[in-house]
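Please find below my notes on the model you sent. They are meant to be read with the structure open.

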Amino acid sequence: MLPRFLKPTITVAQQGAKWLSTSSQQNAKVAVMGASGGIGQPLSLLLKQSPLVTELSLYDIVNTPGVAADLSHIDSPAKVKAFNGPDQLKDSLKGVQVVIIPAGVPRKPGMTRDDLFNTNASIVRDLAAAIAEVSPKAFVAIISNPVNSTVPIVSEVFQKAGVYDPNRIFGVTTLDIVRANTFIAEAKSLNPQQVSVPVIGGHSGITIIPLISQATPSVSFPEDKLKALTGRIQEAGTEVVKAKAGTGSATLSMAYAGARFGFSLIKALNGEKNIIECTYVRSNVTEAKYFSTPIILGKNGVEKNLGLGKLSDFESQLLKAAIPELKKNIQKGEDFVNKK
């Protein structure tokens, strides 16, 4: 069991609206790759509002100048620059400390994250190649699904380029934590900003493992309710896809989660201590080569992996079910790079 003061996400989760008012001695240049999309636009808006961001570099294959012009009218200090199309990709990455990648196609009803693989894998591979060439020391936060496979893709590209640092490449699983906090707060009539639930594993279906036994404050549920809550957290993305009825997937909540993780990375770069987020990284905690656990973030990225903590019997069974699926997802990503 993790000490209370090291509970995952507390440092950032409880800040809420303070994102918009916190000052910092050192700020960062952040690139958003896929800035014109359903996640990219609200993510860029949240980043533009934050004093943690000095400059916002927006890249997409279409419509970026319009998004940048719109955001540039907001009276916050961050400068906004647009980069449009493959010819401007490398320029968009010059001098950035943090790269956030929401680029790709969204899920539609009936689609799994795996169905997105071929299209999104190619997009992520090409972006990774440019980052490896232009800003290999940047923190890279990957939102593009399927995250279980796209993080290995980025890692393989960086390895081939000879610039791989596993401590600087992150899969953004923060939305799973945000959802777990929200759903459990609703179930127990708590303030979600004061609830912290670590979520480990991966970022799809049964690979999402909410550790409700490690929640802060401590909560408990009857077995049937626990199973239902766990299933809802695991399938929450599908809940949104169905509710949007063909018009998209989770974009606004994902933008919120992506911004939260981005701010945590900047704060870690700035030297703030005890910045903890669950994130999908290269790992030796389990048999899976990549795995999400609570991580202490530092100036060089992953500072310390806090591991699994003490799992309940129910959570141990979830972990056992998740590992084979995770391994398959990881292999698929690695094979995509190495077979092309």
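Predicted model: local features only at pLDDT ≥ 70, side-chain atom pairs only at ≥ 80, totals over all residues.

1. Largest pocket. The largest pocket holds about 740 Å³ of space. It is lined by 39 residues, and those closest to its centre are Pro102, Ala103, Gly104, Val105 and Pro106. By class, the lining comprises 18 nonpolar, 16 polar and five charged residues.

2. Elements around the pocket. At least two lining residues come from each of strand S2 (53-60), helix H5 (117-134), helix H7 (174-188) and helix H9 (236-243). H5 gives the most, with five residues.

3. Largest nonpolar core. This core has 45 residues, of which Met33, Leu93, Val99, Ile101, Phe158 and Phe291 touch the most other members. Strands S1 (28-33), S4 (98-101), S5 (139-142) and S10 (290-298) each supply at least two residues of this core, as do helices H5, H6 (147-161) and H11 (313-339). In soluble globular proteins, nonpolar side chains tend to be buried together.

4. Leaving aside residues up to four places away in sequence, Phe158 touches Ala128, Ile131, Ala132, Pro136, Val140, Val163, Tyr164 and Ile169. Another core, of 41 residues, lies apart from the largest one and has Val53, Leu58, Ala68 and Ala78 among its members.

5. Arg125. This residue sits in helix H5. Is Arg125 buried, exposed or partly exposed? Arg125 is partly exposed, because its relative accessible area of 23% falls between the 20% and 50% cut-offs. Arg125 and Gly171 are 46 residues apart in sequence and 14 Å apart in space, C-alpha to C-alpha.

6. Helix H10. H10 (residues 252-269) has 18 residues and spans 26 Å from first C-alpha to last, close to the 26 Å expected. H10 is mostly covered, with 15 of its 18 residues buried. Just after H10, Gly271 has a positive phi of about 95°.

7. Cis peptide bonds. One joins Asn145 and Pro146, with omega about 0°; Pro146 is in the loop between S5 and H6. Another joins Thr216 and Pro217, with omega about -5°; Pro217 is in the loop between strand S8 (208-210) and helix H8 (223-234).

8. Positive phi outside glycine. Asn63 has a phi of about 65° and lies in the loop between S2 and helix H3 (64-72). Asn63 is exposed, with a relative accessible area of 55%. Ser189 has a phi of about 55° and lies in the loop between H7 and strand S7 (199-201). Ser189 is exposed as well, at 70%.

Key: Residues numbered from 1 in each chain as written. Heavy atoms only, no water. Helix = DSSP H or I, 4+ residues; strand = E, 2+ residues; numbered from the N terminus. Expected span 1.5 Å × (residues − 1). Buried < 20%, exposed > 50% of the residue type's maximum accessible area, 1.4 Å probe, protein only. 1 Å grid on protein atoms, 1.4 Å probe; cavity = no way out; pocket = protein on both sides within 12 Å on 5 of 7 lines; lining within 4 Å. Points joined across faces, edges and corners; volume = space filled by probe spheres on them. Nonpolar A, V, L, I, M, F, W, Y, C, P; charged D, E, K, R; others polar. Core = buried A, V, L, I, M, F, W, Y, C linked by side-chain atoms within 4.5 Å. Contact = heavy atoms within 4.5 Å.
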